[in-house]
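Have a look at the model, try each task yourself, and then read on.

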Amino acid sequence: MKGLKYQLKSVLRDKFCLMTFLLPILVAVALNFMGSIDLSSLGELHFGVLENDLSPQTVTWLERYGPVTAYRTQEELAAAIEEPSTNVIGVKADGDSLKTAISGDELDIFQQAAATLPALYEQRAEAEQVKVLTLERPDILEGFQDIFIPAVLIVAMFMGCTFNAMNIISEKEDGVAFVNEILPMTPSQYILQKVVVGFLFGSLSSIVTACLCFRLSWQNFGMMLALIVLSSFVAALIGLFIGKFSEGMMIGVVYIKIVMLVFIAVPIVCALIGASGPLAVICNIVPSQPAFHGMMALSSGNMGAAIKDAGILVVHCITWFALYVLISIQRKRQVS
């Protein structure tokens with residue numbers, strides 16, 4: 001128990017671990033906040049005109065496609081067009097037609113709209129006879145949140161790996177590791193002491209993040225909890241390996257970054273390319289893949305796939321735990 005209290009104090013003093021713990025929660029809050037913002041206005045056309053330059057009928061026609069702002073002078077209109085943070089299209093009268101002006105740094109869609117507007121205006125009589133069907137505007141973030149949320153949870157689960165690795169490396173540099181090697185402590189007791197705190201904090205961070213991002217039934221929440229617990233335990237075990245094989249703090253940080261990159265990249269790439277068959281089986285070697293896939297399946301209501309992924313994580317837990325115990329026993333025999 002004293003060892004666990006010591007590990008807990010180490011977490012509270014380590015800003016890197018606290019940042020890893022809080023970052024997924026802050027990102028989850030940001031995702032929920034962004035999901036409530038209507039970003040569709042960013043794709044609207046915005047027109048700038050001079051006062052008394054266009055007829056009221058022409059201004060009304062322009063307002064069908066986007067907001068129209070009238071400027072008193074040519075300089076004010078030019079400044080609005082050239083402003084880098086806007087996509088204002090300047091519109092002037094050109095006889096019976098229109099002439100558009102842009103700065104050239106707009107997105108392609110606005111440049112094409114500016115080039116097409118004069119011809120559209122000349123054919124406005126024919127265009128009014130065309131029946132227009134207005135489709136519902138899709139949510140810009142909807143297609144990405146299904147991937148963002150499990151990725152954020154993977155980062156939260158990774159907290160245990162970060163803490164355990166940094167804790168062991170710090171003990172090596174402070175000489176505490178030599179004391180641990182001669183203490184009457186079995187490899188299982190050492191693993192328990194090192195894993196518990198990182199595992200608990202990683203699980204807690206993941207649970208809070210999941211509660212912010214998902215709206216699940218009690219049954220689905222139980223399966224989500226199982227995926228979180230198993231994934232956090234595997235991440236904490238991997239942190240022990242990084243700490244054991246890292247010779248210094250900088251090397252440990254590099255290993256952590258590489259492992260974290262693999263943990264995040266593999267499931268995201270598999271989701272984007274729709275990996276299946278032998279490739280999907282090979283990707284399950286990375287523990288984050290079944291965790292990510294299980295969360296995606298759970299969010300879509302596929303309980304069977306989520307249970308299968310939880311079983312794969314159980315195999316990972318047993319394999320990583322047994323491997324670390326064998327390596328620890330082997331090293332202890334070499335020391336003695």
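**Exercise 1. Find which residues of helix 11 meet which residues of helix 14, then work out how the two helices pack.**

Step 1. On the side of helix 11, pick out Asn 220, Met 223, Met 224, Leu 227 and Ser 231. Their partners in helix 14 are Ala 291, Gly 294, Met 295 and Leu 298. Contact here means heavy atoms within 4.5 Å. Helices (H or I, at least four residues) and strands (E, at least two) are DSSP runs, numbered from the N terminus.

Step 2. Sort these residues by class. The contact of helix 11 with helix 14 has 6 nonpolar, 3 polar and no charged residues. Ala, Val, Leu, Ile, Met, Phe, Trp, Tyr, Cys and Pro count as nonpolar, Asp, Glu, Lys and Arg as charged, and the others, Gly among them, as polar.

Step 3. Now look at the geometry. Helix 11 covers residues 218-245 and helix 14 covers residues 288-299; their axes are 10 Å apart and the packing angle is about 170°. Axes are lines fitted to C-alpha atoms, for helices over the stretch in contact, and angles run from 0 to 180 degrees between N-to-C directions. Helix 11 is therefore roughly antiparallel to helix 14, a label for angles over 145 degrees.

A word on the source: this is a predicted model, in which local features need pLDDT of at least 70 and side-chain atom pairs count only at pLDDT 80 or more, while totals for chains, interfaces and linings use all residues. Residues are numbered from 1 along each chain as its sequence is written, and side-chain values use heavy atoms, with hydrogens and water left out.

**Exercise 2. Decide whether Met 295 is buried or exposed, and list what Met 295 touches.**

Step 1. Locate Met 295 in helix 14.

Step 2. Check the accessibility. Met 295 has a relative accessible area of 0%, so Met 295 is buried. Buried means under 20% relative accessible area, exposed over 50%, and partly exposed in between (1.4 Å probe, protein chains only).

Step 3. List the contacts. Not counting residues up to four places away in sequence, Met 295 touches Pro 150, Leu 153, Met 157, Met 224 and Leu 227.

**Exercise 3. Describe the largest cavity: what is its volume, and which residues line it?**

Step 1. Count first: the structure holds 1 cavity of 30 Å³ or more. On a 1 Å grid over the protein atoms alone, a cavity is a set of points where a 1.4 Å probe fits but cannot get out, and a pocket is an open set with protein on both sides within 12 Å along at least five of seven lines; lining residues have an atom within 4 Å of a point.

Step 2. Give the volume, which is about 60 Å³ for the largest cavity. A volume is the space filled by probe spheres set on the grid points, which are joined across faces, edges and corners.

Step 3. Name the lining: Ile 154, Met 157, Phe 158, Ser 231, Ala 235, Phe 263, Pro 287, Ser 288 and Ala 291. Helix 7 (142-157), helix 11 and helix 14 are the elements that give two or more residues to this lining. By class, the lining divides into 7 nonpolar, 2 polar and no charged residues.

Note on methods:
Angles under 35 degrees count as roughly parallel, over 145 as roughly antiparallel, 65 to 115 as roughly perpendicular and the rest as oblique.
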